[in-house]
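This briefing is meant to be read alongside the sequence and the three-dimensional view. Please keep both at hand while working through the topics below.

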2 protein chains.
Amino acid sequence: MSILTVGTVAFDDIETPFGRAEMVIGGAGTYIAWAASYLHDSVNLVSIVGGDFPKEELAMMNDRGIDTTGIEIVEDKNSFFWAGRYHDNMNSRDTLKTELNVLADFDPVLPDSYQDDDILMLGNLTPEIQIKVMDQLVKKPKITVLDTMNFWMDIAMDSLKEAISRVDILTINDEEARQLSGEYSLVNAAKVIHELGPKYLIVKKGEHGALLFHEGKMFAAPALPLALVKDPTGAGDSFAGGLCGYLASCDTIGYEEVKTGIIYGSVMASFCVEEFSLGRIKQLKEEDIKQRLQAFKDMTSFSI
Amino acid sequence: MSILTVGTVAFDDIETPFGRAEMVIGGAGTYIAWAASYLHDSVNLVSIVGGDFPKEELAMMNDRGIDTTGIEIVEDKNSFFWAGRYHDNMNSRDTLKTELNVLADFDPVLPDSYQDDDILMLGNLTPEIQIKVMDQLVKKPKITVLDTMNFWMDIAMDSLKEAISRVDILTINDEEARQLSGEYSLVNAAKVIHELGPKYLIVKKGEHGALLFHEGKMFAAPALPLALVKDPTGAGDSFAGGLCGYLASCDTIGYEEVKTGIIYGSVMASFCVEEFSLGRIKQLKEEDIKQRLQAFKDMTSFSI
């Protein structure tokens, strides 16, 4: 199966208790595509960048098998830019600056060569754009995954709900699941969210792992406790990339495959946070991924 | 193996977003003993109560195989009393009232019949009392477990560290692990805490489950997501009771047994929070426990 993903490709300024990184490569689309590329060799990316975006970054993506035909380059404008500062506990952050730049006019046009993709991963973006991408697909993908955040619930709940109604898997964090459903208990939140459309709800809990809800069943994946978390930026996107990358390698997709996909996503997120930007993700070897998968297996195995 | 536990046996007033309960039975020792009693038939409890404590509550404990010879009854005084109010998210609470009453003079004296116990569970109490119990044992138990809280770290860190230096398993929450170690990362916190003495560190994370650290290895147990958490009081004590109850049923105790013990502890904690006070814990059937163990197994199983 092949993966079509849409998401930002951008620059970040990041400040954490462990250092600073200025004008580094970021963006949901970037993290998703890089993470997925280790698990599957057909990843098609739709995005928009300015003339300031390094061509060699696109070339590096191509080297990893990521098709960037769908990235529009607007030479006389700048790429999307986000600056943020993480608090001491790394679980919360302040946005210091957001410059939409090219993103303000983003009107995604899917290349014809992207029409046959089986897995659609809608990265965190305006729900309107997520809908536009779904509308352009001639045939419905086998699985559509949507990632979003509280910001869109605050300012665009109606179109977000429309987007959500059309997807199979929704990935949000615990507070967002509560906001979207109006239910505090995640068990009850999942019931409300299933009614909105998605058969699978994945609740991302950062350092506490992730929960999957599907047809009354639950699956809990831990996060890997790490000695040093340098930069949480992109962890959720890397998680989505790992999930979709694994699903693309499956012949059929059901509850068991989504569970395993969550472990692959957790593995990719655990690498992501070890360095600023894509520092760790860009250096992965097959053996690293294999070892960390085993670490998750060991960390969750018990006999009763 | 038999279990010796020390902890409060007391009254609670509890207020949660789901209701109120006044002068209900509580106390760490009570929850530990009840939870352990479902997994093992030899539980010896050391505590102190006032003349106001219902004799039928002690009789109910005896019916479950809990030996209460070690509970001192001070007829002309009142039992320890705690009143607390939980916040909307149930993860934090305010203490409204603490009346030490009999607990102010608690000087535990172990009955001779408690001398041969293999598992010592020191419930959350003044570290001085935890030390006094250890001092009275003629032979060292096979496994000593200590539960404590930030309150003792704030006012009695030196004696707490002395108590901790003598135990095998320490159970605390994530913020307490950080406070005790001075390390934010739980991986680093575990290294510091192992140096203090305990070979096993169990970090309790409430709704996010528990982590076990032992000789560089890690194990993650989820908490069971529940539709309704009525009253979190005693969840940590029920966890400790489930852990020790399981360990008492093992011939030898090592990493694998502690891992499984954590699942039993998580099962008992999940029952505890479903009703106020011991409402649910007192009604358990063997089949309930079996089914919930299976729920934990199902919730954590995946293939890679």
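**Briefing on the model**

In chain B, the loop between β12 (210–214) and β13 (217–221) contains B:Glu215. The model under discussion is a predicted one. The points below begin with backbone angles and then turn to a sheet, a helix and the contact between the chains.

**Positive phi angles**

- B:Glu215 is a residue other than glycine, yet its phi is positive, near 45 degrees.
- B:Glu215 has 8 other C-beta atoms within 10 Å and is therefore exposed, given that 12 or fewer is the limit for that class.
- In chain A, A:Asn101 also has a positive phi, of about 50 degrees, although A:Asn101 is not a glycine.
- A:Asn101 belongs to the loop between β7 and β8 (119–122) of chain A.
- A:Asn101 counts as buried because 20 C-beta neighbours lie inside 10 Å, and 20 or more is the requirement for a buried residue.

**A sheet in chain A**

- An open sheet of four strands has the order β3-β2-β6-β7 in chain A, with mixed pairing.
- β3 (19–26) and β7 (93–99) of chain A are at the edges with a single partner strand each, so one side of each has no neighbour in the sheet.
- From one strand to the next, the twist averages 15 degrees.
- Strand β2 (residues 10–16) of chain A and β3(A) run antiparallel and are joined by six bridges.
- Within β3(A), A:Ala21 is the residue that stands opposite A:Ile14.

**A helix in chain B**

- Helix α3 (residues 127–136) of chain B has as its buried residues B:Pro127, B:Ile129, B:Gln130 and B:Val133.
- The elements of chain B against which the buried residues of α3(B) pack include β1 (3–6), β4 (43–50) and α5 (157–165).

**How the two chains meet**

- Chain A is superposed on chain B by a rotation of 180 degrees with 0.0 Å of shift along its axis, at an RMSD of 0.0 Å.
- The two copies are thus related as by a two-fold rotation axis.
- A:His208 is the residue of chain A that comes closest to the rotation axis, with its C-alpha at 3.0 Å.
- Contact involves 26 residues of chain A and 26 residues of chain B.
- Among the elements of chain A that each supply at least two residues to the side touching chain B are α7 (186–196) and α9 (255–272).
- That side of chain A has 16 nonpolar, six polar and four charged residues.
- The copies meet through the same surface, because 100% of the interface residues of chain A are also interface residues in chain B.

Key
Residues numbered from 1 in each chain as written. Chains lettered and ligands numbered in written order. Predicted model: local features only at pLDDT ≥ 70, side-chain atom pairs only at ≥ 80, totals over all residues. Least-squares fit on C-alpha atoms with pLDDT ≥ 70 in both. Contact = placed C-beta atoms within 7 Å. Nonpolar A, V, L, I, M, F, W, Y, C, P; charged D, E, K, R; others polar. Pairing = 2+ DSSP bridges. Axes fitted to C-alpha atoms, helices over the stretch in contact; angles between N-to-C directions.
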